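Colleague: I'm new to this one and would like a close look at a single part. Could you walk me through it slowly?

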Amino acid sequence: MNFEKLELKNFRNFDSLTLQLSPSINMFLGCNGQGKTNLLESIYMLTHGESFRPGPGDTFVRQGDKNLSRSAFVRGKVRIKNLQSDIEMRFENSAKRVFVDNKKSVQSRLTAQFPTILFSPDSLLAIKQGPESRRILIDQLLVQHNQRNKQIIVDYIRVLRTRNRLLKDHLSKKIASDELVKILESLNPSFLNIATELVLARIESLQAITPKFEDAMRFLNDSKSIETSIEYLVSEECANSWNRAKIFDSLQKRAIALAKAEMASGSTLVGPHKHDIRILFNGRDSRYYSSQGQQRALILSFKMAQIVYHHEVYQCYPVLLLDDVMSELDVEKRSRLVEFLETVQAQILITATDLDFSINLNRDKIKVFHIESGRVSLA
């Protein structure tokens, strides 16, 4: 898959932009604050339906004088093997809509249909940060490989919100305790079933990617002696070997045990939104026993494995977005990552402040752009 053309209008700090992109390596150079990340964000949004940076919807529309249009769009012309598609995201103040080939689409279809993988300084901190960052890491893996998995996540979020709303209404005395218990008794079977499906999908995806993750980490460190593994944690217990029945039984018992606590807190305390993953480096929890450099290398290896896994399943590569990642790596890891990128036939978009790290890249494949104050030119 690759983007042949990208168009922006009033998006972030871009007034109007049309780019013809290389199917191999596209380098975007510029000082900080010039729009490099905004450019990668536009492609990410076209393929995920949302940004990788938090903020209200109106932040995507370029700010300016009071007469400036409050609408914006991002468009991309995409080729996957012999098929071509047009993707467009329109912004009207805080609202956004997505169209594929001029037909309205939904977020749940985008990621599986148009796969991209993001490497960013924030994503490299997933181990160091809280459980939510690591859950995002798994769920991005899920939705990229199977549209059904995205629907499982959407369905789970929907029933979770319903359950939380009921618990909050009880906390504010809008619903009596006996009434809430009856409602939850009817809702819990569907909640536990969809929760079980999501946990099972996560475990199966981790099992599939783990061998490639191990290979990537050994390659990145140029060492065959490194041992890595990933554990899916349910209430701090490793659930890698659990089947559907055991997952459901564990969730059900946990729900019964915490029923009173949920009513007292006004929120759901059981389910995959509370789970975590533990990444082990040489047998020890990397969150506590690995250096920051090792933690970054582990997440980088996870994403490299994701690329290899996607190609193995679909016989094509996702688009790779590397946002100022090279500055986060030491010289050796940077060199090994460049070596890996040279082996994949993927379209790559890289942002950086200089070309120092690209010495080992095939210069014939690189298209270099310069960005300054939202204006892009060929370097």
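Colleague: Which residue forms a salt bridge with Asp222, and how many Å apart are the closest N and O atoms?

Modeller: That partner is Arg336, with the closest N and O atoms 3.7 Å apart. A salt bridge here is a side-chain nitrogen of Lys or Arg within 4 Å of a carboxyl oxygen of Asp or Glu. Before going on, some ground rules: this is a predicted model, where local features need pLDDT of at least 70 and side-chain atom pairs count only at pLDDT 80 or more, while totals for chains, interfaces and linings use all residues. Residues are numbered from 1 along each chain as its sequence is written, and side-chain values use heavy atoms, with hydrogens and water left out.

Back to your pair. Arg336 sits in helix 10 (residues 331-343) and Asp222 in the loop between helix 5 and strand 9 (228-234), so this link joins distant parts of the chain, 114 residues apart. Helices (H or I, at least four residues) and strands (E, at least two) are DSSP runs, numbered from the N terminus. Arg336 is buried, at 14% relative accessible area, whereas Asp222 is exposed, at 54%. Buried means under 20% relative accessible area, exposed over 50%, and partly exposed in between, using a 1.4 Å probe and protein chains only.

Another is between Arg296 and Glu328, at 2.8 Å from N to O. Arg296 is in helix 9 (residues 292-314) and Glu328 in the loop between strand 13 (319-323) and helix 10, so parts 32 residues apart in sequence are tied together. Arg296 is buried, with a relative accessible area of 16%, while Glu328 is partly exposed at 24%. There is also a network: Arg12, Glu41 and Arg53 are joined by salt bridges that share partners.

Helix 5 has a packing partner too. Helix 3 (residues 131-145) packs against helix 5 at an angle of about 80 degrees, their axes 10 Å apart. Axes are lines fitted to C-alpha atoms, for helices over the stretch in contact, and angles run from 0 to 180 degrees between N-to-C directions.
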